[in-house]
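Me: Hi! Could you walk me through this one? I have it open and would like to go through it bit by bit.
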Amino acid sequence: MADQVSVINPFYCSADSITLQVNTEKGVTYNEKGDRLFYMDDTFFTLHNRRVLYDDTQKPIVTLYNKAVTIHERCKVFRGESTDSSELLFSVEKTNKSIPPRIAKLNVFLANNQDKKESDFRVIIYGSKNSCTVYVGESPIIVAKVENNGGFNVMVYPNVDYAFIVALLMIVKDMKFSNGSNDSTQNSIALSLSL
């Protein structure tokens, strides 16, 4: 991809495609050499679920703040360990509007999208979350491919913020879906990006 897709930090945009192994159960991300790049630190509060994604030098990258008690699951993602509104990077909301059976949809809104009339990113989830493809908008341009074989194998295309993709996968893993399907033939996730 020629244009840079940076949400968290342009530092996480590589000129070359990269392959990641994301173990969402343990909250750990490795590069193809097996070096740890990111890890999650779980902290639970009475009413809210707050998780921090760190790099391997223990620097906090983003905080995922999940409002678990709301009817519609929502997750806000902030820069570093902050939950201050001035550090908001993006938010993710589960929707049930016009969704066919066995499909779940997450809308992703960047912080500068105040009116939220249209999502900046869209996550469409099929079955039990076994694979996904990340597209630019409604176009056929792919920015990342994901397969789940006990952990997400992620191919992130050039110039795409791989920390953003990792954060989205951690959110997808934690979302609860009641799609009523155990059909493993329809197990894919499509993440669509509208720039």
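This is a predicted model: local features need pLDDT of at least 70, side-chain atom pairs count only at pLDDT 80 or more; totals for chains, interfaces and linings use all residues.

Me: Is S119 buried or exposed?
Reply: S119 is buried: its relative accessible area is 17%, and the cut-off for buried is under 20%.

Me: And how far apart are S119 and V92 in space?
Reply: Their C-alpha atoms are 9.3 Å apart, while in sequence the two residues are separated by 27 places.

Me: Nice. Which residues does S91 touch?
Reply: Leaving out residues up to four places away in sequence, S91 touches C75, K76, N107, V108, F109 and K116.

Me: Okay, zooming out. How many helices and strands does the chain have?
Reply: There is 1 helix, along with 13 strands.

Me: What share of the chain counts as buried?
Reply: 47% of the 195 residues. On contacts, if you take those between residues at least 6 apart in sequence, 45% join residues at least 24 apart.

Me: How many of the residues of α1 are buried?
Reply: 11 of the 13, so α1 is largely enclosed by the rest of the structure. The buried ones are Y162, A163, F164, I165, V166, A167, L168, L169, M170, I171 and V172.

Me: What caps the N-terminal end of α1?
Reply: That would be D161, with a side-chain oxygen 3.1 Å from the backbone nitrogen of A163.

Me: New topic: how many cavities of 30 Å³ or more does the structure hold?
Reply: It holds 2. The largest cavity has a volume of about 80 Å³.

Me: Which residues line the largest cavity?
Reply: N49, R51, L64, N66, C75, M170, I171, D174 and M175. By type, they divide into 5 nonpolar, 2 polar and 2 charged. C75 and α1 have come up already: C75 is one of the residues S91 touches, and α1 gives the most to this lining, with 3 residues.

Me: Which other elements supply at least two residues there?
Reply: Besides α1, β4 (49–55) and β5 (60–67) each supply at least two.

Me: Last one, pockets. How much space lies in the largest pocket?
Reply: About 320 Å³. Its lining has 14 residues, and E93, T95, K97, N107 and F109 lie nearest the centre. N107 and F109 are also among the residues touched by S91.

Me: How does the lining of that pocket divide by residue type, and which strands contribute?
Reply: The lining divides into 8 charged, 5 polar and 1 nonpolar. Strands β7 (88–95) and β8 (103–110) each supply at least two of its residues.

Technical notes. Residues are numbered from 1 along each chain as its sequence is written. Side-chain values use heavy atoms; hydrogens and water are left out. Buried means under 20% relative accessible area, exposed over 50%, partly exposed in between (1.4 Å probe, protein chains only). Helices (H or I, at least four residues) and strands (E, at least two) are DSSP runs, numbered from the N terminus. A polar contact is a pair of N or O atoms within 3.5 Å; within protein, one must be able to donate a hydrogen and the other to accept it, and residues adjacent in sequence count only if both atoms are side-chain atoms. On a 1 Å grid over the protein atoms alone, a cavity is a set of points where a 1.4 Å probe fits but cannot get out, and a pocket is an open set with protein on both sides within 12 Å along at least five of seven lines; lining residues have an atom within 4 Å of a point. Grid points are joined across faces, edges and corners, and a volume is the space filled by probe spheres set on the points. Ala, Val, Leu, Ile, Met, Phe, Trp, Tyr, Cys and Pro count as nonpolar, Asp, Glu, Lys and Arg as charged, and the others, Gly among them, as polar. Contact means heavy atoms within 4.5 Å.
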